Amino acid sequence: MDKNAIYPGTFDPLTNGHLDIIKRSLKIFDKITVLLALNTQKKTLFTLEERINQIKNVLISENIQDKVIVDCFDGLLVNYCRENDINIIIRGLRPLVDFEYEFEMAMANRELNHNIETIFILTDQNYFYLRSSLIKDVIKLGGDISNKIPPSIKDEVIKKIKTF
Ligand code: COA
């Protein structure tokens with residue numbers, strides 16, 4: 001039987017940091033579901049549909065589209081896991097910033113569904129300070145951050161920011 005896991009996030013937009021976690025997760029799991037989940041604290045630059053298309057296009061360019069499902073859900077993550085028979089959640093862990101928040105979220109998810117385990121993959125050193133909002137800010141202010149974001153998504157960020 002395939003070993004499946006879920007990689008949830010807002011992905012507004014997907015960065016090379018996220019992509020690195022996806023590729024490294026595929027060394028452990030046969031299939032990954034990248035789940036665009038709702039973070040009630042966030043207002044996104046891109047619509048759900050735009051983010052799904054962006055991610056699918058990047059997966060195709062990386063030739064890993066057959067091993068990665070892209071889906072979205074606006075309820076509790078644990079419910080999506082239950083409905084889709086997945087019990088492993090993958091999270092990228094960046095030094096300093098993530099531990100407390102990730103610890104709380106993993107505990108809460110396990111409290112909500114005892115079958116769930118969260119596994120953490122240490123973010124690559126090239127991406128450890130990255131976050132999607134930082135990328136959007138740098139692009140907005142004209143900085144070059146090409147090595148941190150897939151080129152197709154960078155173009156879309158530039159286009160979107162211009163229309164605002
Ligand atoms: N490389 C680069 N950036 C990374 C990264 C990596 N490896 N990992 C995370 N980031 C960035 C993200 O882009 C994001 O940037 P932003 O805040 O500027 O948008 C930031 O770090 C935080 O990422 P993350 O912790 O993944 O937050 P998120 O909002 O993307 O995801 C959910 C949080 C969606 C997984 C969570 O809210 C959730 O599970 N929601 C579903 C509802 C639910 O079940 N809630 C109860 C949870 S206990």
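How far apart are the end C-alpha atoms of helix α4, and what span should its 14 residues have? Keep that in mind as you look around this predicted model.

**Stop 1: helix α4.** Select residues 99-112. Now colour E102, A106 and N109, the buried residues of α4. Look down the helix axis: these buried residues fall within an arc of 65°, so they line one face of α4. An α-helix has 3.6 residues a turn, so residues three or four places apart point the same way. Turn to the other side of α4 and you will find E100 and E111, which are exposed.

**Stop 2: the neighbours of α4.** Show α3 (77-83), β4 (88-93) and β5 (117-122); the buried residues of α4 pack against these elements.

Stop 3: Next, pick N115, in the loop between α4 and β5. N115 has a relative accessible area of 57%, so it counts as exposed, the cut-off being over 50%.

**Stop 4: the cores.** Select I32, I55 and I90, the residues with the most contacts inside the largest nonpolar core, which has 32 residues. Helix α2 gives this core its largest share, four residues. Zoom in on I90: among the residues it touches are Y7, I21, F29 and I121. Finally, select I6, L35, Y80 and I86, which belong to another core, of nine residues, lying apart from the largest one.

Definitions and conventions: Residues are numbered from 1 along each chain as its sequence is written. This is a predicted model: local features need pLDDT of at least 70, side-chain atom pairs count only at pLDDT 80 or more; totals for chains, interfaces and linings use all residues. Side-chain values use heavy atoms; hydrogens and water are left out. Helices (H or I, at least four residues) and strands (E, at least two) are DSSP runs, numbered from the N terminus. The expected span of a helix is 1.5 Å times one less than its number of residues. Buried means under 20% relative accessible area, exposed over 50%, partly exposed in between (1.4 Å probe, protein chains only). The arc is that of the directions from the helix axis to the C-beta atoms. Contact means heavy atoms within 4.5 Å. A nonpolar core is a set of buried Ala, Val, Leu, Ile, Met, Phe, Trp, Tyr and Cys residues joined through side-chain atoms within 4.5 Å.
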